[in-house]
Amino acid sequence: MPALSRRQALTTAAALATAAAGIAAVPAGAATAGGHHDPHSPAPFDEVYRGRRIQGRPATGAHAQHGTGYTVLVDGVELHLMRNADGTWISVVSHYDPVPTPRAAARAAVDELQGAALLPLPAN
Amino acid sequence: MTVRKNQAALTSDEKRRFTDALLELKRTGRYDAFVTTHNAFILGDTDHGERTGHRSPSFLPWHRRFLLEFERALQEVDASVALPYWDWTADRSPRSSLWAPDFLGGTGRALDGRVMDGPFATGAGKWQINVRVDGRTFLRRSLGTAVRELPTRAEVESVLAMPTYDMAPWNSASDGFRNHLEGWRGPNLHNRVHVWVGGHMATGASPNDPVFWLHHAYVDKLWAQWQRRHPGSGYLPVAGTPDVVDLDETMKPWNDTRPADLLDHTPHYTFDTD
């Protein structure tokens with residue numbers, strides 16, 4: 001079971017304070033889907049939403065989160081994502097308010113972050 | 001014996017003792033350990049895998065134990081303190097005394113959600129957010145923004161009327177009392193309150209906002225009310241269920257307490273309405 005320890009939170013916060021300063025304007029490019037496609041997995045996306053680059057793509061193996069088979073990034077940092085039994089999605093940033101797609105979860109996270117840097121997931 | 005009171009009925013002295021005890025747990029680091037534990041279960045509990053603290057039958061006993069641990073920690077600071085509960089069907093306004101500067105402080109400012117008054121405001125310097133998912137270290141709230149209304153008494157009654165505790169598939173898709181109280185189905189009770197408060201309460205690290213404890217103390221009280229209303233209905237599932245905590249299985253992370261041990265709250269505390 002992953003645990004976000006205080007040490008990890010503080011360490012990643014320090015790392016992000018540096019990284020955040022270097023975030024440049026990134027043009028929305030072609031989708032970067034890779035690996036094997038789950039026919040039930042949502043389509044990939046790559047866009048700039050309210051000044052933040054959000055990307056989503058099917059993922060397998062070590063990159064698949066909790067069996068969702070999907071990875072979402074906000075300015076290149078992985079957003080912890082979870083799929084509910086009814087097919088809706090939530091993230092650690094907006095945990096109690098399910099939305100229909102990973103893209104909507106990414107946008108909800110950007111709304112909630114209000115420009116703040118997302119911290120990387122704990123290593124475990 | 002600990003008596004958990006409606007927060008609206010607390011005296012000024014009781015409010016101050018409660019918030020002082022919170023600040024002391026924060027100062028010593030014990031508070032953040034609770035936030036870490038909660039977030040670990042939020043991240044680890046999944047609908048099709050192992051699930052203990054959320055989206056599963058043990059949502060209610062797990063949080064009962066979690067609150068008991070926290071209440072005991074508070075009482076080590078000040079033996080007179082008990083967890084108050086927030087009846088959000090009654091105190092449903094951002095102007096409620098719950099959010100006054102002499103208690104939890106109010107909503108966050110529009111610019112960035114920062115809580116500006118009360119004991120947990122950044123300016124007071126005693127409530128840095130350490131266990132977090134983003135770079136911000138100040139407590140955030142946005143009362144009544146993401147969802148306008150808190151659950152109503154009628155909505156609570158409709159859920160308390162459900163006769164079965166929980167049902168297969170024992171997750172966020174289940175019918176029954178537990179999942180309707182948790183809020184993944186139906187009128188959305190518990191989850192909606194997290195969203196109504198907003199800010200940290202909407203995240204996996206929701207205990208960063210002290211109102212978490214008052215919210216869950218009320219959810220816990222609703223479980224007790226449901227039990228009284230349905231004396232023939234017990235905790236389910238009883239045995240042999242993969243990935244979820246059966247009646248006689250111990251719960252992580254304590255590994256010494258079963259749901260069966262926590263069905264009766266009265267050995268530990270009573271409510272002012274009992």
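Is A:Arg52 buried or exposed? At 8% relative accessibility A:Arg52 counts as buried, where buried means under 20% relative accessible area, exposed over 50% and partly exposed in between (1.4 Å probe, protein chains only).

## Basis of the model

This is a predicted model, in which local features need pLDDT of at least 70 and side-chain atom pairs count only at pLDDT 80 or more, while totals for chains, interfaces and linings use all residues. Residues are numbered from 1 along each chain as its sequence is written, chains are lettered from A and ligands numbered from 1 in the order in which they are written, and side-chain values use heavy atoms, with hydrogens and water left out.

## Salt bridges within the chains

Over all chains the structure holds 36 salt bridges, a salt bridge being a side-chain nitrogen of Lys or Arg within 4 Å of a carboxyl oxygen of Asp or Glu. One of them joins A:Asp75 to A:Arg52, with the closest N and O atoms 2.6 Å apart. The two residues belong to distant parts of chain A, 23 residues apart, since A:Asp75 lies in the loop between strand S3 (70-74) and strand S4 (77-79) and A:Arg52 in strand S2 (residues 52-58); helices (H or I, at least four residues) and strands (E, at least two) are DSSP runs, numbered from the N terminus. While A:Arg52 is buried, A:Asp75 counts as partly exposed at 22% relative accessibility.

In chain B, B:Glu157 and B:Arg229 form a salt bridge whose closest N and O atoms are 2.8 Å apart, and this pair links helix H4 to helix H7 across 72 residues. Both partners are partly exposed, B:Glu157 with a relative accessible area of 30% and B:Arg229 at 39%. Helix H7 also carries B:Arg228, and because its partner B:Asp274 lies in the segment after strand S2 (269-271) of chain B, the pair ties together parts that are 46 residues apart in sequence. The closest N and O atoms of B:Asp274 and B:Arg228 are 3.4 Å apart; B:Asp274 is partly exposed, with a relative accessible area of 46%, whereas B:Arg228 is exposed, with 53%. Elsewhere, salt bridges that share partners join B:Asp13, B:Arg16, B:Arg17, B:Asp20 and B:Asp78 into one network.

## Aromatic pairs and charges over rings

A search of the whole structure finds 28 aromatic pairs over all chains, where rings of Phe, Tyr and Trp (its six-membered ring) pair if their centres lie within 6.5 Å, and planes under 30 degrees apart count as stacked, over 60 as edge-to-face and the rest as tilted. Among them is the edge-to-face pair of B:Phe18 and B:Phe103, at 6.3 Å centre to centre and 65 degrees between the planes. B:Phe18 lies in helix H1 (residues 12-28) of chain B and B:Phe103 in the loop between helix H3 (59-77) and helix H4 (153-160), so the pair ties together parts that are 85 residues apart in sequence. Both B:Phe18 and B:Phe103 are buried.

B:Phe34 and B:Trp213 form another edge-to-face pair, at 6.0 Å centre to centre and 90 degrees between the planes. B:Phe34 is in helix H2 (residues 30-44) and B:Trp213 in helix H7 (residues 211-229), 179 residues apart in chain B; B:Phe34 counts as buried at 12% relative accessibility, and B:Trp213 is buried with a relative accessible area of 0%. Ring pairs link these two residues into a cluster with others, including B:Tyr31, B:Trp62 and B:Trp254.

Charges also sit over rings, which requires NZ of Lys or CZ of Arg within 6 Å of the ring centre and within 35 degrees of the ring normal. B:Arg55 lies over the face of B:Trp184, at 4.6 Å from the ring centre, and the charged end of B:Lys221 sits over the ring of B:Phe271, 5.8 Å from its centre.

## Helix H4 of chain B

The buried residues of H4(B) are B:Val156, B:Val159 and B:Leu160. Seen down the helix axis, they fall within an arc of 100 degrees, so they line one face of the helix; the arc is that of the directions from the helix axis to the C-beta atoms. These buried residues pack against helix H5 (177-182) and H7 of chain B, contact meaning heavy atoms within 4.5 Å.

## Interface between chains A and B

The contact takes 30 residues from chain A and 41 residues from chain B. The area buried between the two chains is about 2,800 Å², of which carbon and sulfur atoms give 61%; buried area is the accessible area (1.4 Å probe) that two parts lose on being put together, summed over both. The count between chain A and chain B is one salt bridge, and the side chains of B:Arg140 and A:Glu112 meet in a salt bridge at 2.5 Å, N to O.
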